[in-house]
Amino acid sequence: MKSRIKTTIGIVEHKDISKFKTQKQKNSAIQQGLEVAEVLEAKILIVTDTKETIWINALNGEEITDEKGRIVKENFDKNNADLAILIEKIYDSLDKENSQIREPRLKDPTRLAKSIWQDLWMAAGATPENCLYSFVELFIFKYLSDLGILKNHLSYANLMQIYNESSDAEETLSYYAGTIRKEIKKLFKPSKKDNTTIINGTIFVSKDEEAVKGYGTVFIKILKKFGDEKEGGGELKNIDRDFKSKLFETFLKESISKKNWGQYFTPLRVVRAIAKMAQNEIKPNITLCDPACGVGKFLLEPLLVDNDLDDFFVVKNGKLESKIKLIGIDKGFDKEEQKTIILAKANMLIYLSDLIRKNGGITEQFSELFNETFELKTKNILGTLRDVQYENKIDLILTNPPYVTTGSSNLKDEISKVDELKKFYTVNGIGVEGLFMEWIIRSLKPDGKAFVVVPDGIFNRQGDKNLRQFILDECIIDGIISLPLKTFFTTPKKTYIFAITKKMNKTERQTTPVFTYLVSEIGESRDTYRFEIEQDDLKNAVDYYNLFKGNKLGFAKINNDKRCKIQPIEEFKPENYWSIDRWWTKEEQIELGIVEEGKIFKIEEFAELVSDISETMKDYSGLLREVSQKKKIVNNFREIALSNERYFSLFIGKRLLKKDLIKISGNIPIYSANVKTPISYHTESNISDFANNFVLWGIDGDFEFNFIPKNTPFVSTDHCGAIRILEDSILPEYLMIQLDKVKHKYGFDRGLRSSLKNMKTVSIEIPFDEKDNIDIEKQREIIEKYEYIASLKSKITEYQKQIEDLNVGVGEEYPTKLKTINEIFDLKVKTNTSKFTKAFIEENKGDIPVYSASKDFESVDYGYVKDNLQGIKYFENCLTWNIDGSIGKAHFREGRFSLSEKVIPLILKEEVKDYLDIFFLKYAIESEFSKHSFGYTNKAGKSKIQHIKISIPINSKGEFDLEKQKEIAEKHRKMENIKRSISEELEKISGVEMDYE
């Protein structure tokens with residue numbers, strides 16, 4: 001079908017030189033041209049004799065001026081390639097009132113995208129994801145049409161003309177599907193590797209490439225919006241840069257299935273922050289990779305940071321040249337997953353739109369560039385992880401890889417089947433993120449850099465100690481930036497930006513410090529709305545990081561930002577937590593606003609935490625099921641005593657006094673009863689041979705263990721025992737598990753010392769295989785299970801602490817009146833003195849419970865005492881407040897009881913007891929007192945609390961509202977019960993004794 005639309009942009013009035021000399025001749029030529037232009041409805045008149053050219057606005061007869069107001073004098077030469085760009089700029093600027101070339105007005109079609117999303121969703125009931133794909137397809141169609149790539153019968157204007165003439169929406173949709181869409185796919189050919197191109201909407205066009213019947217009306221409605229300036233449409237040549245990036249977020253944050261967002265989106269602010277951190281590395285002739293590329297922002301946004309796209313892509317003599325190698329890889333097997341790569345290619349088209357507009361005749365070359373840049377892996381469940389050919393080949397990696405634990409054992413099973421992969425993946429990190437971290441490091445060139453978004457698990461899990469050691473062996477740690485919770489659409493998980501440089505030589509030892517920074521806000525609200533906010537710590541973090549890079553050793557001296565700390569690399573031991581937040585005290589975090597003192601959490605925030613706990617437990621549940629299925633049958637476990645000199649040699653160290661330690665300064669760690677952390681460093685060791693692996697144990701204390709690998713010097717004191725493992729087939733990690741398993745059997749603790757003599761009585765179980773050799777494979781299986789369980793229990797402990805400290809509000813506003821503590825309670829009533837000791841209570845046993853400053857309401861850890869003892873104070877049916885110990889807890893005690901000196905009674909004054917509910921006061925006190933930094937160094941005594949004010953609900957008459965108090969107290973009670981139930985369930989999991997065999 002031929003085009004039904006023809007537009008005259010301008011006319012050229014060509015004159016002989018002899019007839020274009022005088023001003024009169026020139027005016028005559030202009031007048032003649034204007035008359036023709038009026039008939040043809042042309043905007044531009046060009047009058048020339050090839051030596052001189054006059055540019056006229058045909059709408060008003062004025063000469064055309066450039067952006068600075070100077071008359072345009074560019075000579076008209078049809079062979080000048082830049083002339084088309086000038087004519088386009090002039091055409092876009094002219095109207096009856098204006099004859100000056102304007103800077104292109106950037107279009108932000110975000111409003112259009114939101115409006116069309118509603119139309120698509122209402123009409124088709126499709127998922128936001130599918131609405132996004134269909135919007136992008138029609139956007140690309142209109143965009144290519146406005147750029148002049150789709151011309152004549154393929155243009156938007158022609159398609160609308162077809163509808164205007166026929167009023168047949170279904171026929172118009174059929175023409176689009178059967179003609180225009182197929183031509184777009186010819187211009188931008190599918191990749192030979194994965195068969196994806198730049199469009200793949202499924203609402204209007206079926207999988208068989210046919211128009212979907214019944215959708216013509218909404219198709220036309222949407223097309224009209226694309227052409228309507230009032231709707232945010234109109235001409236789309238000059239698109240606002242932010243819209244190119246925000247287009248995808250506009251749709252995805254409407255999604256009901258938030259769990260799916262993560263495969264597409266790292267928030268744009270995080271992408272740009274990472275790009276600016278890496279700005280010195282982004283230059284021509286490098287290889288830039290994102291191994292989990294989603295819609296490609298980590299590859300495209302960095303090209304615009306202190307750069308111009310012309311630095312990386314140029315067209316010379318009709319040939320597109322790329323000066324940078326971009327590698328974007330993603331995994332997917334079904335149609336839904338494949339659309340991420342299609343969106344990435346569409347995104348790249350939008351980013352390169354200016355270059356495409358100027359070179360519309362070489363779309364096939366741009367198509368090749370898109371296909372070479374982005375690849376979908378569909379032939380293997382490993383996806384990117386199967387591509388080990390990039391080892392030592394990539395200059396820069398920017399990425400936010402997936403972080404899930406469930407399913408990772410399936411990937412490891414697949415790896416175990418291929419020798420090449422087994423040699424590549426040797427670390428055995430937990431989860432998919434562990435595999436990706438290893439891939440990233442191995443794929444970097446020596447001196448290559450990576451900026452990776454990682455979850456806290458990599459930094460904290462005991463099971464990832466080997467991964468952290470691998471990072472230290474292979475890389476220089478440049479920096480870690482802590483991101484706030486809910487930075488990402490998909491998850492409330494804690495995440496970090498991790499900056500590393502691959503060592504030039506593996507023997508190189510890092511001596512430079514590590515940049516660390518705590519971010520509270522990222523410049524936008526951390527919810528689905530993503531409103532812009534003033535506070536942007538992430539920008540400051542990036543600025544400071546870039547300053548740090550140039551002066552690593554001296555930066556700490558000039559750093560004046562309390563959110564920034566420069567940590568010595570010695571803090572980053574593989575057995576330590578690397579979550580940097582722990583290096584700021586609670587007081588520091590309160591000052592910075594990272595922790596809000598006395599914050600009352602909304603019920604929705606509590607629900608999010610519960611949801612996060614549930615999801616985490618579900619992940620671990622699936623992971624443990626997978627691990628449990630990989631069970632090697634071993635029937636031959638033998639008990640071997642630690643005194644067996646074939647396998648072990650036990651000894652203790654020499655006594656070192658504090659006065660001796662002051663005089664010593666070396667680099668060999670000294671271990672004492674705390675075997676996990678050196679007490680100091682020595683210049684020489686008391687041990688001469690380090691050819692074996694060692695396991696240390698603490699003789700005094702809680703019978704803890706540590707593993708020292710062979711060829712690693714250390715010093716042991718007389719409070720530290722050492723087991724030299726004489727047989728390499730006994731893995732030290734396995735030995736520690738066995739020791740942990742039997743410690744309750746032998747009863748070693750602070751009461752029973754694990755002396756050298758007592759330790760030699762200990763026996764452990766060692767697996768042997770069918771050839772009567774010690775079974776290393778079985779040991780590794782047990783170690784893997786143990787580390788998963790240890791990681792789970794560590795996470796449970798973290799959650800229990802969060803729940804314990806959580807102060808949940810009931811989410812209701814009501815009129816209140818303020819009353820101070822000393823107006824409500826009789827603070828003249830005193831508690832017992834320090835003479836009321838446990839020993840006294842033991843001598844005077846009775847039936848009256850004595851409560852101390854415990855957080856546990858039911859705990860009677862002081863014991864029971866006789867009633868009516870002289871000099872002892874007793875109380876009945878009142879609140880109590882802990883001034884020491886577990887400060888912050890108020891308890892209502894029923895019946896008769898007594899208190900230790902660390903607890904004070906809060907007895908209602910007679911004049912208020914009929915108007916105030918005691919249980920409301922309990923929760924109100926705990927909530928209010930939490931805002932006052934009470935702690936071990938700031939005791940919550942009477943003098944400190946007496947003037948604190950409590951908000952008490954009142955009715956319309958201004959009287960205390962007793963019913964409202966009871967209602968609020970009941971809501972708080974329910975919240976406390978929920979918290980208690982969750983903690984109890986977590987404790988059940990944590991307290992389970994495991995059989996790892």
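**Nonpolar cores, surface and confidence of the predicted chain**

Setting aside residues up to four places away in sequence, Ile140 touches Ile198, Ile199, Ala346, Leu349 and Ile350. In this predicted model, Ile140 belongs to the largest nonpolar core, a set of 109 residues. Together with Phe204, Phe226, Phe313, Ile481 and Phe515, Ile140 is among the residues that touch the most other members of that core. The greatest contribution to this core comes from helix 4, spanning residues 128–147, which supplies twelve residues.

The chain has 997 residues, 53% of which are buried, and its secondary structure consists of 31 helices and 32 strands. Among contacts in the chain with a separation of 6 or more, 72% join residues 24 or more positions apart. The accessible surface amounts to about 47300 Å², and carbon and sulfur atoms account for 48% of that area.

On the surface, a nonpolar patch is formed by Val36, Val39 and Leu40, whose accessible area together is about 260 Å². Leu40 lies in helix 1, which covers residues 23–40. Leu40 counts as partly exposed because its relative accessibility is 42%, a value between the 20% limit for buried residues and the 50% limit for exposed ones.

Another partly exposed position is found in a loop. Asp702 sits between strand 21 (693–698) and strand 22 (705–708). With a relative accessibility of 44%, Asp702 is therefore classed as partly exposed. Asn674 is 28 residues from Asp702 in sequence, while in space the C-alpha to C-alpha separation of the two is 8.8 Å.

Finally, a friendly word on confidence. The average pLDDT of the chain is 85, and 90% of the residues score at least 70. Two stretches deserve a separate mention. Over residues 1–5 the pLDDT stays under 50, and the model has 15 contacts for this stretch beyond four places in sequence. Residues 255–264 likewise have a pLDDT below 50, and here the model shows 25 contacts beyond near neighbours in sequence.

Key:
Residues are numbered from 1 along each chain as its sequence is written. This is a predicted model: local features need pLDDT of at least 70, side-chain atom pairs count only at pLDDT 80 or more; totals for chains, interfaces and linings use all residues. Side-chain values use heavy atoms; hydrogens and water are left out. A nonpolar core is a set of buried Ala, Val, Leu, Ile, Met, Phe, Trp, Tyr and Cys residues joined through side-chain atoms within 4.5 Å. Buried means under 20% relative accessible area, exposed over 50%, partly exposed in between (1.4 Å probe, protein chains only). Helices (H or I, at least four residues) and strands (E, at least two) are DSSP runs, numbered from the N terminus. Contact means heavy atoms within 4.5 Å. Accessible areas come from the Shrake-Rupley method with a 1.4 Å probe; for residues, only the protein chains shown count as cover. pLDDT is the predictor's confidence in each residue, from 0 to 100. Patches are made of residues with over 30% relative accessible area and no salt bridge: like charges are joined within 9 Å, nonpolar side chains (Val, Leu, Ile, Met, Phe, Trp, Tyr) within 5 Å. A salt bridge is a side-chain nitrogen of Lys or Arg within 4 Å of a carboxyl oxygen of Asp or Glu.
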